[in-house]
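Dear colleague,

Please find below the structure that I am handing over to you. My notes on it follow directly after.

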Amino acid sequence: MCGDWDIENKSEPTHAIFYRSCNFHCEYCNNDFHENETYKDYSFDEFVFIVSSLMKYGNRFKFTGGEATNNPCLAEALRAVKQLGGYTFL
């Protein structure tokens, strides 16, 4: 669990932010769809716009993947969500 999430309010929607790349090849991983080119690249401004648009549906955002920590823009994206009033989980 993320330390800044209110555990008592478990029913609030959580938005998933996928980063498709992964440098692991775990035998148990069922996320083989990450190999497909099905993800859209977007600018940071588009990211901020989408996150701000999603806030009305819930302010929790889970960064996942692939391997989210490989994303070179991860720190900037986490900060943007927090600045918009969201909570993050990695």
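**Strands, helix and aromatic rings**

In strand β2, G65 is the bridge partner of Y19. Please bear in mind that this is a predicted model. Strand β1 (residues 14-19) and β2 run parallel and are joined by six bridges. Strand β2 is also parallel to β3, with three bridges between them; here F61 stands opposite T88 in β3.

Together, β2, α2 and β3 make a right-handed β-α-β unit. Within helix α2 (residues 74-83), the buried residues are L74, A77, A80 and V81. Seen down the axis of α2, these buried residues fall within an arc of 125 degrees, and they therefore line one face of the helix. In general, an α-helix has 3.6 residues a turn, so residues three or four places apart point the same way. The elements against which the buried residues of α2 pack are α1 (44-54), β2 (60-65) and β3 (87-89). Just after α2, G85 has a positive phi of about 95 degrees.

I turn now to the aromatic residues. Two aromatic pairs were counted. One of them, formed by Y42 and F47, is stacked, with 6.0 Å from centre to centre and 15 degrees between the planes. Y42, F44 and F47 form one aromatic cluster. F47, at 6% relative accessibility, lies under the 20% cut-off and so counts as buried.

With kind regards

Note on methods. Residues numbered from 1 in each chain as written. Predicted model: local features only at pLDDT ≥ 70, side-chain atom pairs only at ≥ 80, totals over all residues. Heavy atoms only, no water. Phe/Tyr/Trp six-rings, centres within 6.5 Å; stacked < 30°, edge-to-face > 60°. Buried < 20%, exposed > 50% of the residue type's maximum accessible area, 1.4 Å probe, protein only. Helix = DSSP H or I, 4+ residues; strand = E, 2+ residues; numbered from the N terminus. Arc of directions from axis to C-beta. Contact = heavy atoms within 4.5 Å. Pairing = 2+ DSSP bridges. Right-handed = clockwise from strand over helix to strand, strands pointing away.
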